[in-house]
Amino acid sequence: MRNSLDRLLLEWPLKSKLDPKVYGNPDSLITEEIVESEIKGFMTLQEALKRKKIFILDYHDLLLPYVKKVREVKGTTLYGSRTLFFLTDEGTLRPLAIELTRPPMDGKPQWRDVFTPTWNATGCWLWRLAKAHVLAHDSGYHQLVSHWLRTHCATEPYIIAANRQLSVIHPIFRLMHPHFRYTMEINALAREALINANGIIEASFSPAKYSVELSSAAYDLQWRFDHQALPADLINRGIAVEDPTAPHGLKLTIEDYPYANDGLILWDAIKQWVTDYVQHYYPDSALVESDKELQAWWTEIRTVGHADKKDEPWWPKLKTVEDLVGILTTMIWVTSGHHSAVNFGQYDFAGYFPNRPTIARTNMPTEEPNDEEMKFFLAKPEVVLLKCFPSQIQATKVMAVLDILSTHSPEEEYIGAAIEGVWADNPVIKAAFERFSGKLKELEGVIDARNANRNLNNRSGAGVVPYELLKPFSVPGVTSMGVPNSISI
């Protein structure tokens, strides 16, 4: 699990919120009986829900409106999907069931089916194919929403407003400048060669030419500034609950969740550094309210940069020192920790394309099969799976792009590594930065120790890739570690 649509399941039975007149029966085919047969006597479904053991990866309502449009594009297909997981006593997530749905279209009724891990040959191959479809959905969401939308895209208004409203000698401009460097340039390059019409994303990911439209739809449905803070994101997804007695003030639903465990240490370090910095320049909240440049910056972000959401009630106020610390910590987290977690491990985790296919090119064999198709599937299921996977040219292009995206340049500027020149002469800020840098060096050791802990099954074990994405520093190249100050690739 990392930063996607994975969340604790809170409502049962599963039901779509889309219009049933357009998209068909909203009730899921994943029944209580199916779930309990997969849990196999550990507990009832109701007990599992009560004990926070069931998690869902839900791309049903987000993708279903795109199924008909995407299927009109040659060489790809799409479903709405739901996948359920059970949190085992070992702290790992075990998949229980996948539901794939096609809405009514082209004069045909709604089609849907549920696939589960099974022990007969045909069922095993259908399960592999269903997983390929869900992984394609997850890969698209990861790239277009968790990565592009929530980091690259959402940060642009902060940068533009800072350059319009804040003097270059304003203390908040100086604090944020290292975290805003190079982002506008890399986003311009992405629009030219990555997310452009007929570009690599459209040619190699399931949403095809609707990729950026899907990203926009996700922004409309899901993006909230207040949920970009790591603690708020974890709470919103049911991955954590507030607990003043727990480390970082949060108790994790999944105790061995590397992204959360490492990320919260980084979040706290950033927040303390921002607090020390802000309190030096704003010892009183009245100074925050009366700072015309600062207020103009925050107003432009909300009303111009994110104008579609300017009237939303969840925007933080900017009246107190605490308000300012929360806003700045969230922005710095997104540009550093969040971006690093979703970007720099892409080659290691997805470079081998069967592990993370970016596109599913063919429908499930059980969706309205004819005799010839079913006969071929039963005779050569491995060929059917390969035809569903990305083509050789698609897989090769994606591997090359992920290699580039996952690479640290020799000039990379890592968080907490080097003090900005303008701070070096201020003893208060210099001391605060040195404390911050020291905490990040401690985090490196904590992560190494966690990866060596054989009891943490989500980050150690046979064949498990150690989770190092939030180790602050790195050498150049593809290392799956290192947290740069800004979104620069």
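Reader: In which sense do strands β1 and β2 pair, and over how many bridges?

Author: This is a predicted model, and in it strand β1 (residues 6-8) and β2 pair in the antiparallel sense over 3 bridges. Within that pairing, D6 stands opposite L57 in β2. On joining β2 to strand β3 (residues 80-87), we find 5 bridges, and these two strands also run antiparallel, with D58 standing opposite R82 in β3.

Reader: Which residues of helix α18 are buried?

Author: An α-helix has 3.6 residues a turn, so residues three or four places apart point the same way. In helix α18 (residues 381-388) the buried residues are P381, V384, L385 and C388. They cover an arc of only 100 degrees around the axis, which puts them on the same side of α18. The elements that cover these buried residues include α6 (121-165) and α17 (371-379).

Reader: How many disulfides does a search of the whole structure find, and how far is the sulfur of C388 from the closest cysteine sulfur?

Author: A disulfide is a covalent bond between the sulfur atoms of two cysteines. The search of the whole structure finds 0 disulfides. For C388, the closest cysteine sulfur is that of C124, and because the two sulfurs are 17 Å apart they are too far for a bond. C388 is buried, with a relative accessible area of 1%, whereas C153, at 24% relative accessibility, counts as partly exposed.

Reader: What is the arrangement of the rings of W273 and F436?

Author: The count of aromatic pairs comes to 23. In the pair of W273 and F436 the ring centres are 5.8 Å apart and the planes lie at 10 degrees, so the pair is stacked. This pair links distant parts of the chain, with W273 in helix α12 (residues 258-281) and F436 in helix α21 (residues 427-451), 163 residues apart. W273 is buried at a relative accessible area of 3%, and F436 is buried at 4%. W314 and W315 form a tilted aromatic pair, 4.9 Å centre to centre with 35 degrees between the planes, and both residues are buried.

Reader: Which residues do ring pairs link into a cluster?

Author: The cluster consists of Y158, Y219, W223, F225, W298, W314 and W315.

Terms used
Residues numbered from 1 in each chain as written. Predicted model: local features only at pLDDT ≥ 70, side-chain atom pairs only at ≥ 80, totals over all residues. Heavy atoms only, no water. Pairing = 2+ DSSP bridges. Helix = DSSP H or I, 4+ residues; strand = E, 2+ residues; numbered from the N terminus. Disulfide = S-S within 2.5 Å. Buried < 20%, exposed > 50% of the residue type's maximum accessible area, 1.4 Å probe, protein only. Arc of directions from axis to C-beta. Contact = heavy atoms within 4.5 Å. Phe/Tyr/Trp six-rings, centres within 6.5 Å; stacked < 30°, edge-to-face > 60°.
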